[in-house]
Amino acid sequence: MPLPVPSKTFTRDEVAKHNTEDSTWFVIDTVVYDVSDFLDAHPGGEAVLRQVAGQDATVAFYNLHRHEVLQKYANLAIGTIAGEQQSIITPQPGDLSPVPYAEPLWLTPQFRSPYFNDSHRRLQRAMREFTDRYIAPEALEKERSGEFVSQELIERMSKAGVLHMRMGPGKHLHGVRLLDGAVDGREFDYFHDMICAQEQARAACRGFQDGNMAGMVIGLTCILNFCPNAELQRRVTDDVLSGRKKICLAITEAFAGSDVAGLRTTATKTPDGKHYIVNGTKKWITNGVFADYFVAGVNTGKGLSVLLIERAAGGVETKPIKTSYSPTAGTAYVTFDNVKVPASHLLGEENKGIYVILSNFNHERWAMACGTIRLMRLVVEESLKWAHQRRVFGKRLIDQPVVRQKLAKMIALCEAHQAWLESVTYQMCHMPYAQQARHLGGPIALLKMSATRAAHEIADEAVQIWGGRALTQTGMGRVIENFNRTNKFDAILGGAEEVLADLGVRQAMKFMPKAVL
Ligand code: HEM
């Protein structure tokens with residue numbers, strides 16, 4: 001789509017006359033801009049605009065700005081050059097990108113895939129449009145302001161079934177109208193799940209990505225799968241999926257990160273056996289600052305247990321932790337001070353909470369791999385666009401062999417990981433839960449470990465291509481800056497790379513044939 005601009009037309013000679021003290025016009029991609037009243041407000045200064053007054057400023061503009069700047073300042077456009085057509089595409093919500101490698105192969109018209117059916121494609125279109133229209137603009141705004149996700153967006157996601165879909169396949173989707181019927185809840189599989197995760201990651205604001213109910217994705221699963229009390233399960237699930245209340249998973253502590261067996265938060269049964277009294281602290285709790293429910297790992301004497309703790313119970317305090325991504329994630333330090341929790345809030349069995357926690361890990365790690373791999377691709381897209389747009393030393397960046405080498409490495413890492421992700425996802429679709437736990441824990445751990453290593457490499461190469469813009473939070477390089485600053489979150493959260501590498505190989509050891517080969 002061309003930019004929507006006023007229908008008035010001008011000749012290039014007419015534009016040329018507007019290079020005076022009072023009137024500054026120029027042309028960008030055949031659109032005529034009158035910036036006379038914008039000179040003072042232009043973030044790049046007045047002088048640079050005066051230098052191109054009366055001229056075609058297309059090359060100068062795209063050497064420095066993202067195309068979206070022209071959409072934001074559409075009111076400066078006064079018409080077009082008679083007889084000429086705009087050539088630069090303005091993406092519309094839901095559009096696929098025409099940039100090579102910007103979309104996974106299955107979404108590239110010339111390619112085929114055995115994994116995706118019509119309902120996957122319908123969901124992809126609907127989820128892309130929803131993300132472009134509602135999630136991405138809010139992500140950008142909140143990432144900067146540090147405010148939390150709006151109640152309006154949460155309710156919109158709830159109504160469209162987006163919150164429900166983020167919990168993965170299951171009964172919670174049956175009978176729910178998902179994105180205006182794009183997919184039937186009963187046919188929703190892990191490829192649909194992958195599509196949701198990857199499309200939403202395109203908003204490219206890693207802090208907001210977690211702030212936008214990541215706590216629900218990892219916390220509510222324990223309620224859906226391990227809450228023995230049907231009434232409590234229904235209440236909490238309804239509260240969270242309707243967007244009325246927020247939930248988080250509270251496992252890690254200052255004393256123990258990936259080593260969940262070392263938790264020091266205690267839960268002691270009252271003499272009548274009706275309650276637990278919880279004391280201790282939790283650290284790095286995503287969404288903890290605004291959560292109403294805490295799915296917490298606690299030490300119950302003979303082992304680890306998992307309790308659902310309600311903020312309303314009293315004795316729960318949360319304070320924000322400053323991290324290298326945005327405060328919008330609501331990352332908290334949590335203290336439990338003599339919190340009285342009903343015994344019926346035990347999830348799974350007492351002292352066997354490790355199974356509750358472990359059951360979450362595969363889906364969580366796989367979902368993180370989905371997001372990381374999609375963000376890697378976005379960085380490839382941005383870098384390809386920039387390399388064609390940016391001119392230095394008299395030529396485009398893409399004309400420099402060293403830049404092409406970097407892009408080749410980035411593309412190869414991106415394609416390899418997407419292909420591996422799809423292959424693992426296919427296995428998930430065809431294995432019941434017990435088999436997944438036995439056979440896929442290792443491959444998923446290795447996939448996430450390898451994806452975050454690749455992300456690190458891609459961030460490194462992209463920063464070198466983008467230079468100072470990769471270090472600047474607004475303007476051209478904002479996606480690269482955010483990715484470079486935040487890719488480490490996925491390398492640590494949900495299991496650090498080293499822990500996952502070890503797990504992957506240890507799982508392989510279990511299946512080694514006994515014979516010495
Ligand atoms: C309608 C036309 C234009 C608009 C609405 C506009 C708007 C902006 C905005 C919003 C920024 C802040 C950075 C960003 O968000 O990308 C910026 C920066 C800048 N602009 Fe413009 N601009 C226009 C045309 C131009 C032209 C034609 C030139 C040069 C001939 C220019 C030179 C600059 C420079 C040098 C910067 C600073 C870039 C940096 O910090 O890296 N602008 N402009």
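This is a predicted model: local features need pLDDT of at least 70, side-chain atom pairs count only at pLDDT 80 or more; totals for chains, interfaces and linings use all residues.

Residues are numbered from 1 along each chain as its sequence is written.

**Exercise 1. Overall form**

Task: Describe the secondary structure, the domains and the dimensions of the chain.

Solution. 
Step 1. Helices (H or I, at least four residues) and strands (E, at least two) are DSSP runs, numbered from the N terminus. The chain has 17 helices and 14 strands.
Step 2. Domain bounds come from an automatic or database domain assignment. The chain is divided into domain 1 (9-81), domain 2 (118-212), domain 3 (244-351) and domain 4 (361-510). Between the C-alpha centres of domain 1 and domain 2 there are 38 Å.
Step 3. The C-alpha atoms fill a box of roughly 90 × 60 × 40 Å along the principal axes.
Step 4. The radius of gyration is taken over C-alpha atoms, and the globule rule is 2.2 Å times the number of residues to the power 0.38. For 517 residues a compact globule would have a value near 24 Å, and the 26 Å of the chain agrees with this.

**Exercise 2. The interior**

Task: Identify the nonpolar cores of the chain.

Solution. 
Step 1. A residue is buried if 20 or more other C-beta atoms lie within 10 Å of its own, exposed if 12 or fewer, and partly exposed in between, with C-beta atoms placed from the backbone. Of the 517 residues, 42% count as buried.
Step 2. A nonpolar core is a set of buried Ala, Val, Leu, Ile, Met, Phe, Trp, Tyr and Cys residues joined through C-beta atoms within 7 Å. In soluble globular proteins, nonpolar side chains tend to be buried together.
Step 3. The largest nonpolar core has 122 residues, and Val 295 and Leu 307 have the most contacts inside it. Helix α12 (residues 353-389) gives the most to this core, namely 15 residues.
Step 4. A second, separate core of 13 residues includes Trp 25, Phe 26, Ala 57 and Leu 70.

**Exercise 3. The ligand**

Task: Determine which parts of the chain surround the ligand.

Solution. 
Step 1. A residue is near a molecule if its C-beta atom, placed from the backbone, lies within 6 Å of it. There are 22 residues around the ligand, of which Pro 43, Gly 44, Ala 60, Tyr 73 and Gly 475 come nearest.
Step 2. The elements that give two or more residues to this shell are α2 (46-51) and α3 (58-62). The largest share, three residues, comes from α2.
Step 3. Domain 1 (9-81) and domain 4 (361-510) both give residues to the shell, so the ligand lies between them.
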